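Please view the sequence and model first.

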Amino acid sequence: MQEINDILKSVEMPHRYIGGEFGSIRKDWDAAGVRLCLAFPDTYEMGMSNIGLSILYHIVNLRDDMLAERVFAPWTDMEEELRRRGLPLFSLESKRPLKDFDVIGIGLPYELSYTNILTVLETSGIPFRAKDRDGSYPLVIAGGPCAFNPEPVADLFDAIVLGDGEKAIIGIMEAVLHDPQGPRMDLLVRLAKIDGVYVPVLKNKVNKA
């Protein structure tokens with residue numbers, strides 16, 4: 001935590017990485033059965049104006065057995081500091097590395113944000129492609145407006161939500177909660193059965209809601 005405090009003194013706009021705003025939620029990490037980090041592939045200012053992120057954040061946090069936190073793509077000064085110090089990207093609420101979460105939900109708001117997805121993953125120490133990630137890494141899921149044409153970035157994700165994320169998010173979290181330490185492929189098969197969830201490795205036909 002001291003290293004993070006030191007970084008915040010070194011960047012131009014530290015409020016982007018502090019959290020604690022009105023309406024933010026800080027839950028007991030150990031009390032949650034499944035933990036989600038919602039990642040927006042742009043700066044804090046851009047991401048906090050996204051209504052979808054706020055809706056998913058509150059839907060998940062209404063459940064006592066689930067936890068949702070947030071992260072945004074670091075600006076260049078923060079990215080440079082993280083790399084220089086050898087520290088991973090961290091969430092706003094608990095300041096935990098993204099690799100500690102069970103699920104990372106990345107929004108696809110517009111195509112120009114795609115390179116920032118790579119920044120989020122790389123600064124978190126998470127391999128880009130789903131095929132290179134085993135069960136020791138979080139499940140990486142995408143959703144949002146650009147998910148309706150998922151193939152350009154499909155290799156990056158374990159699953160992609162086509163349509164409204166608020167209809168699928170609890171089902172996804174419950175699928176992980178069912179057996180968080182179980183085989184990865186078993187989990188992906190469970191996800192593929194959820195309406196609107198596309199699992200690229202299975203090339204499943206998406207169920208219609």
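Which residue just after H4 takes a positive phi? Gly86 does, at about 70 degrees.

## Basis of the model

This is a predicted model, in which local features need pLDDT of at least 70, side-chain atom pairs count only at pLDDT 80 or more, and totals for chains, interfaces and linings use all residues. Residues are numbered from 1 along each chain as its sequence is written, and side-chain values use heavy atoms, with hydrogens and water left out.

Helices (H or I, at least four residues) and strands (E, at least two) are DSSP runs, numbered from the N terminus.

## H4 and its partner H5

Helix H4 spans 76-85 and helix H5 spans 114-124. Their axes come within 11 Å and cross at roughly 25 degrees. Axes here are lines fitted to C-alpha atoms, for helices over the stretch in contact; angles run from 0 to 180 degrees between N-to-C directions. H4 and H5 are therefore roughly parallel to each other (angles under 35 degrees count as roughly parallel, over 145 as roughly antiparallel, 65 to 115 as roughly perpendicular and the rest as oblique). The crossing is left-handed: the near helix is turned anticlockwise from the far one by less than a right angle, while clockwise gives right-handed.

Glu79, Leu82 and Arg83 of H4 meet Thr119, Glu122 and Thr123 of H5, where contact means heavy atoms within 4.5 Å. By class, this contact has one nonpolar, two polar and three charged residues. Ala, Val, Leu, Ile, Met, Phe, Trp, Tyr, Cys and Pro count as nonpolar, Asp, Glu, Lys and Arg as charged, and the others, Gly among them, as polar.

H4 buries Asp77, Met78, Glu79, Glu81 and Leu82. Buried means under 20% relative accessible area, exposed over 50%, partly exposed in between (1.4 Å probe, protein chains only). The cover over these H4 residues includes H1 and H5.

H6 (residues 165-178) packs with H7 (residues 184-192) at an angle of about 150 degrees, with axes 10 Å apart. That makes H6 roughly antiparallel to H7. Their crossing is right-handed. Ile172, Ala175, Val176 and His178 in H6 touch Leu187, Arg190 and Leu191 in H7. This contact divides into five nonpolar residues, one polar and one charged.

H3 (residues 51-61) also packs with H6: the axes come within 10 Å and cross at roughly 35 degrees. This crossing is right-handed. From H3, Ile55, Leu56, Ile59 and Val60 meet Gly165, Glu166, Ile169, Ile170 and Met173 of H6. The classes are seven nonpolar, one polar and one charged.

## Two nonpolar cores

A nonpolar core is a set of buried Ala, Val, Leu, Ile, Met, Phe, Trp, Tyr and Cys residues joined through side-chain atoms within 4.5 Å. The largest has 37 residues. Met78, Leu98, Ile106, Leu108, Ile117 and Phe157 touch the most other members. H1, E1, E2, H4, E3, H5 and E4 each supply at least two residues. H5 gives the most, with four. A second, separate core of 26 residues includes Val34, Val60, Val176 and Val199.

Leu108 has contacts beyond four places in sequence, including Tyr114, Ile117, Ala142, Val153 and Phe157.

## A buried loop threonine

Thr43 sits in the loop between strand E1 (34-40) and helix H2 (44-47). Thr43 counts as buried because its relative accessibility is 9%. Not counting residues up to four places away in sequence, Thr43 touches Arg16, Phe72, Ala73 and Trp75.
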